[in-house]
Amino acid sequence: MFENYKIYETELAGRKLTLETGKMAQLANAAIMARYGETAVLCTVTASSKPREGVDFFPLSVDYEEKMYSVGRLPGSFTRREGRASDKAILASRCIDRPIRPLFPKDMRNDCSVVATVMSVDPDCDPQIAAAIGVSCAIAISDIPWAGPISSVNVGLVDGEIVINPTLEQRKHNDLNLTVSSTADLVAMIEAGANEVDDETMFEAIMAGHKENQKIVAFINSIVDEIGKEKFPFESNDPDPAIMDEIEAFCVEDVKKALDTDDKRIRDAALLPIYNAVHEKYDEQFAENPAKIDEIMYLVQKHVVRKWLKDEKKRVDGRGIDEIRPLAAEVDLLPRVHGSGMFTRGQTQVLSSATLASVSEAQKLDGLDEQIEKRYIHHYNFPSFSVGETKPSRGPGRREIGHGALAERALVPVLPSVEEFPYAIRVVSEVLSSNGSTSQASICGSTLALMAAGVPIKAPVAGISCGLITGDQGVYGDFMTMVDIQGLEDFYGDMDFKVAGTKDGITAIQMDLKVHGLTPEIIKEALAKTHKARNYILDEVMAPVIAKPREELSKYAPKMLSTVIDPTKIGDVIGKQGKVIQSIQEQCDVVINIEDDGHVYIAGVDLSKCEQALSIVETIANDPEIGAIYKGKVTRLMAFGAFVEIAPGKEGLVHISKLDVKRVEKVEDVVSVGDEVLVKVTEIDDQGRLNLSRRDALVEIEGAVVEPDADEVPQPRKPRPNNGGRRGFRHHD
């Protein structure tokens with residue numbers, strides 16, 4: 001039945017990698033079941049037989065679909081069905097999309113759909129890696145034109161050693177989460193999060209991943225040699241060279257004048273009449289497809305910008321090749337938020353706001369890996385007004401989610417632990433104006449916001465991008481890199497190499513390419529240039545505004561305290577039907593969260609009430625100590641003293657002689673039921689009963705002086721003898 005069924009096996013990082021074809025999804029152009037360990041991902045690719053009309057780009061879609069059955073769980077949604085793709089699935093889709101897209105013919109307009117369906121997950125074998133390799137093999141053996149294959153691996157830094165595809169246990173001690181994709185010769189994609197890894201180690205890790213990828217590319221090529229299909233012909237969308245030359249000759253000088261400015265608004269306004277003039281002259285010639293004129297105008301501008309950069313070392317805005325645009329940093333722009341910072345780079349401007357909340361408000365995750373919640377959340381918004389457009393907002397797209405994840409990855413390594421800073425943290429970066437490198441501006445702005453909010457980050461983080469222009473020989477010939485690319489240089493250039501980090505090392509990398517890949521020389525140069533530029537931003541722009549985190553939180557931020565109790569005492573703190581913990585929360589106006597391991601987090605607006613709640617919790621969880629002072633509530637009055645509850649279920653007696661620093665005639669003269677008083681534990685008898693002293697607490701806390709007769713206890717009066725008077729009659733002094 002499955003006469004074309006084939007199985008191909010190899011080894012990747014000490015684990016078996018199997019690529020199967022010919023059994024499943026046989027109506028797709030090609031399908032591969034990629035198995036890595038016990039991870040299984042079905043990878044399919046399909047393409048339309050005809051080009052899509054009216055588009056000026058290659059219509060490729062890549063979807064990485066997580067199925068909860070792959071880890072033996074039900075979806076967390078109300079319908080118990082997978083919904084929209086999770087952020088992690090979108091990021092995985094982008095990591096597959098970015099290295100494969102440049103390898104398709106640029107002039108092809110046939111729709112192409114890639115789907116990687118995760119069907120089984122082995123925690124030691126990342127399904128994203130299996131998906132990337134499976135997708136590559138499926139496209140390579142299909143009849144769809146493509147210049148692959150590629151391969152992808154994860155690279156870790158475990159105990160100082162570079163490790164390919166680290167296992168789950170190794171990832172617990174990992175200082176580097178790097179994904180590298182490669183063709184047979186070039187590095188096609190880099191995505192990294194790191195704990196301040198130095199440039200040299202990062203470069204070695206990239207090269208180690210590249211070397212491992214080359215083995216898998218050779219393996220896939222052997223499969224293509226055996227069963228690969230002939231690639232189908234397609235209708236090219238490239239303009240006629242003669243018409244292209246004619247239009248370029250007609251408008252190129254005007255285009256040069258329009259582009260030669262550092263102001264995007266002036267440039268766009270100057271280009272508009274040129275577009276109108278070209279359309280007026282050539283619309284009849286392109287009556288069936290007038291959009292083709294706009295494609296030619298795009299190519300004219302691209303030729304101008306690339307020629308300036310490559311041949312004349314001239315940038316559109318007049319800067320030097322490694323000169324950074326004018327920069328500005330500010331904090332405290334929004335008075336009621338917990339922390340705010342704005343970073344401006346030329347005409348790119350991002351305003352970031354930090355919000356602090358209780359740990360219980362950490363984001364709950366419903367995914368395929370071990371992570372069930374996220375304490376630090378970074379959201380990036382890119383409204384249409386930031387580029388002068390009028391599109392309505394429809395929520396974040398894949399690009400926004402990707403940029404937010406990059407900024408999040410860049411800042412996580414410098415955040416304090418939950419024990420050091422028991423807060424959930426959310427940062428939102430609002431792009432106010434965009435002319436290139438908004439993701440890196442969001443990293444700088446978010447660092448400012450976090451420090452302004454008083455989050456004790458280990459070190460400030462800054463981000464910068466590096467661009468690339470190649471000549472006729474591509475990356476193997478003459479090339480030129482430039483720092484801090486603006487919009488046109490990103491749009492018409494070959495690379496956007498984004499690097500974020502501290503003075504000590506890299507915390508995140510994201511590399512986007514329009515060429516097939518990079519040589520080691522280009523990567524090394526990009527790392528060196530971004531390092532120098534990053535340090536300049538940290539020292540000269542950000543540090544003068546705010547050099548370190550503030551020591552006090554905003555008065556509008558919740559106050560948070562934490563402690564650790566014996567897990568066996570959690571029930572005592574919660575109480576029957578939650579009555580104890582509810583009573584503490586109501587009494588102190590706080591929110592208390594207790595985790596199974598005994599970590600207790602207390603949040604409230606008033607720090608003194610948080611401290612009171614913390615004292616109560618610790619008193620319940622820990623036996624009272626002789627000599628310790630507590631704030632308690634008077635519960636009962638007796639002739640011989642007052643009973644004071646220092647914590648729910650923990651009550652002691654304050655004898656009348658210990659109520660005050662002076663002699664007390666009546667208990668009621670000093671305290672009433674419901675009063676809150678400071679008391680010191682003076683004795684715990686054999687039965688666990690507490691003897692307390694308010695007098696000793698006043699002496700120790702307030703420095704009160706004990707009066708000489710304070711220890712004298714008033715004696716009860718003896719009844720007078722009955723002298724025969726009226727019944728009930730008593731003489732009064």
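Student: Along strand 5 (residues 60–66), which side chains point to one face and are buried, and which point to the other?

Tutor: The side chains alternate: Leu60, Val62, Tyr64 and Glu66 point to one face and are buried (under 20% relative accessible area, 1.4 Å probe, protein chains only). Strands here are DSSP runs of E, at least two residues, and helices runs of H or I, at least four, numbered from the N terminus. This is a predicted model, in which local features need pLDDT of at least 70, side-chain atom pairs count only at pLDDT 80 or more, and totals for chains, interfaces and linings use all residues. Residues are numbered from 1 along each chain as its sequence is written, and side-chain values use heavy atoms, without hydrogens and water.

Student: In what sense do strand 5 and strand 6 pair?

Tutor: Strands pair if DSSP finds at least two bridges between them. Strand 5 and strand 6 (residues 110–120) pair in the parallel sense over 7 bridges; Ser61 has Ser113 as its bridge partner in strand 6.

Student: Which residues touch the most other members of the largest nonpolar core?

Tutor: In soluble globular proteins, nonpolar side chains tend to be buried together. Here the largest such core has 83 residues, and Leu19, Ile100, Phe104 and Phe497 touch the most other members. Helix 2 (residues 127–141) supplies the largest share, 11 residues. A core joins buried Ala, Val, Leu, Ile, Met, Phe, Trp, Tyr and Cys through side-chain atoms within 4.5 Å.

Student: Where does pLDDT stay under 50?

Tutor: pLDDT is the predictor's confidence in each residue, from 0 to 100. The protein chain averages 92, but residues 724–733 stay under 50. Where pLDDT is low, the predicted coordinates should not be read in detail.

Conventions: Buried means under 20% relative accessible area, exposed over 50%, partly exposed in between (1.4 Å probe, protein chains only). Contact means heavy atoms within 4.5 Å.
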